[in-house]
Structures are given as C-alpha cells and as structure tokens.
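The sequence and the model are shown first, and the description follows.

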Amino acid sequence: MNLPSFLWLWKIAAWSMGLSLLAYLLLAVTGFWMLRVRTSGSPPFFSPITGGRGGVRSLHYTIGISMISLVLLLLAIGIVGTLGHFGSLGHSSHLVAGLIVVVLVLLSAVSATQISASRPWARPLHIGTNIVLFVGFAWVSLTGWIVVQKYLP
Ligand code: HEM
Ligand code: HEM
C-alpha cells in the first residue's frame, strides 16, 4: 500500500481518539450522576439508575459501548497501519500503551455487566478501572501524537 504515506489513516485515528475522550467525559458525568442519585437516598421510582425517568443508566451504557467500539477501531487502525508501513509491530512504547488501554476498557466493560447487589466488588472495580483508564488515555494520546509526527509531510 503506497497511499500518501498513511496520513489519512492517522487522521481517522486522531478523530476517533477525540471522540473517545468525549465519550469518556460523558461517561464520567453520567456515572457520577448515577452514583450521587444512588447515595443521596431519593426514592427508587425517581432514580434514573433504574432506567425509568430519563434513563441515565441506558445513556451511560450506550455511550460506553460507543467508546469500546472506538478503542477497538483505534487498535485495528494502529495494527494495520504499522504492519502496512513496517511489516512488524513494536516500534515504540505506543504499542504497550495501546494494549494496556484496550485491556482496561474491556475490564471496565466486563466489570460493568457484573454490577449488582450480590457482587459488591464489581462497582469499585468498574470505577477503579476507569480512573486508571484516564492515565492510560493520556499516555496513548501522548505517544500516538509523538509517533504520528514521522508520517507528517
Ligand atoms: C467502558 C464502557 C462503560 C460501560 C459499558 C459502563 C457501564 C456501566 C454500568 C452498566 C453501570 C451500572 C449502573 C448501575 O446499575 O448501578 C455503571 C456504573 C458506573 N459507571 Fe460505568 N460504564 C462504562 C464506562 C465508565 C467510565 C469511563 C466511567 C467514569 C469515568 C464510568 C463511571 C461509572 C460510575 C461512577 C458508576 C457507578 C454508578 C453508581 O455508583 O451508581 N463508567 N457503568
Ligand atoms: C486507544 C487509542 C489507541 C490505541 C489502542 C492504539 C493502538 C495502536 C497500536 C497497537 C499500534 C501498533 C504499535 C506498534 O506496533 O509499534 C499503533 C500504532 C500507531 N498509532 Fe495508535 N493507538 C491509539 C491511539 C492513537 C492516536 C491518538 C494516534 C495519533 C493520531 C495514533 C497513531 C498511531 C501511529 C502513527 C502508529 C504507527 C506507529 C509507528 O509508526 O511507530 N494512535 N496504535
């Protein structure tokens, strides 16, 4: 593949990353909104967590699935682009950063599906994973921004 040096592919990566960060922000807002409603002791029928009244929970879930899709797209773009250009992987710490972010996002998603009264460990795991994910996102963005420089004209 000898298209204008993969620049178009890294542009998609940059846009997807912007959308992922936006999704993360919205997940943080809706997540902590649910947490506040749950711990404020308001009657359950007014609670948006149950999916009635505004359905903040299903909004949180939908944005979550969008963020997972974007991160998997970024993984695919990164691997395809790197293999296409070099024929091998592992040219910088961006690889480790990318893989860690993918693992964290999947762990966050799996722990989210486990949140229930009978599994008290799931909610702290979900919230903890997402706090670490913030650092992961910063790291993958920084290293991605550095490696993309060599493709710029
Ligand atoms: C990976 C995608 C994500 C999915 C699929 C997801 C899904 C869920 C689900 C199903 C719940 C349980 C709601 C409940 O019934 O109590 C939940 C809770 C929560 N999520 Fe997420 N979430 C995701 C990402 C995030 C992110 C990135 C953050 C924050 C930065 C976040 C913050 C929270 C918080 C704080 C709660 C606890 C709400 C409470 O204590 O009631 N989530 N999430
Ligand atoms: C969640 C976000 C991301 C994931 C999971 C991810 C994943 C990956 C992976 C696994 C590789 C292969 C690295 C290697 O084998 O050395 C890669 C390469 C690459 N990614 Fe990302 N990436 C992400 C975000 C970004 C961003 C925001 C940019 C900037 C536009 C970017 C630009 C690149 C570039 C330019 C390469 C080629 C590496 C090189 O030439 O050394 N990535 N990505």
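H94 lies in helix α3, where helices are DSSP runs of H or I with at least four residues, strands are runs of E with at least two, and both are numbered from the N terminus. The iron atom of ligand 2 has H94 (NE2) as its only protein donor, at 2.1 Å. Donors are N, O and S atoms within 2.8 Å of the metal (3.2 Å for Na, K and Ca), and sites may look incomplete because water is not among the atoms.

This is a predicted model, in which local features need pLDDT of at least 70, side-chain atom pairs count only at pLDDT 80 or more, and totals for chains, interfaces and linings use all residues. Residues are numbered from 1 along each chain as its sequence is written, chains are lettered from A and ligands numbered from 1 in the order in which they are written, and side-chain values use heavy atoms, with hydrogens and water left out.

**The chain as a whole**

The chain has four helices and zero strands, in the order α-α-α-α from the N terminus. Of its 153 residues, 33% are buried; buried means under 20% relative accessible area, exposed over 50%, and partly exposed in between (1.4 Å probe, protein chains only). Contact means heavy atoms within 4.5 Å. Among contacts between residues at least 6 apart in sequence, 74% join residues at least 24 apart. The accessible surface comes to about 9,400 Å², with 74% belonging to carbon and sulfur atoms; areas come from the Shrake-Rupley method with a 1.4 Å probe, and for residues only the protein chains shown count as cover.

**The iron site of ligand 1**

Which protein atoms are donors of the iron atom of ligand 1? They are H60 (NE2) and H126 (NE2), lying 2.0 Å from the iron. Because H60 lies in helix α2 and H126 in helix α4 (residues 122-148), the pair ties together parts that are 66 residues apart in sequence. Ideal angles for six octahedral donors are 90 or 180 degrees.

**Accessibility of selected residues**

| Residue | Relative accessible area | Class |
|---|---|---|
| H60 | 15% | buried |
| H126 | 13% | buried |
| S111 | 2% | buried |
| I100 | 37% | partly exposed |
| H85 | 41% | partly exposed |

S111 lies in helix α3.

H85 belongs to helix α2. Leaving aside neighbours within four places in sequence, H85 is in contact with F6 and Y151. The C-alpha atoms of H85 and F6 are separated by 8.1 Å, although the two residues are 79 residues apart along the chain.

**A nonpolar surface patch**

I79, L83, L89, L95, V96, L99, I100 and W139 make a nonpolar surface patch of about 620 Å². Two or more of these residues come from each of α2 (56-86) and α3 (94-114), and α3 gives the most, with four. I100 is found in helix α3. Patches are made of residues with over 30% relative accessible area and no salt bridge, with like charges joined within 9 Å and nonpolar side chains (Val, Leu, Ile, Met, Phe, Trp, Tyr) within 5 Å. A salt bridge is a side-chain nitrogen of Lys or Arg within 4 Å of a carboxyl oxygen of Asp or Glu.
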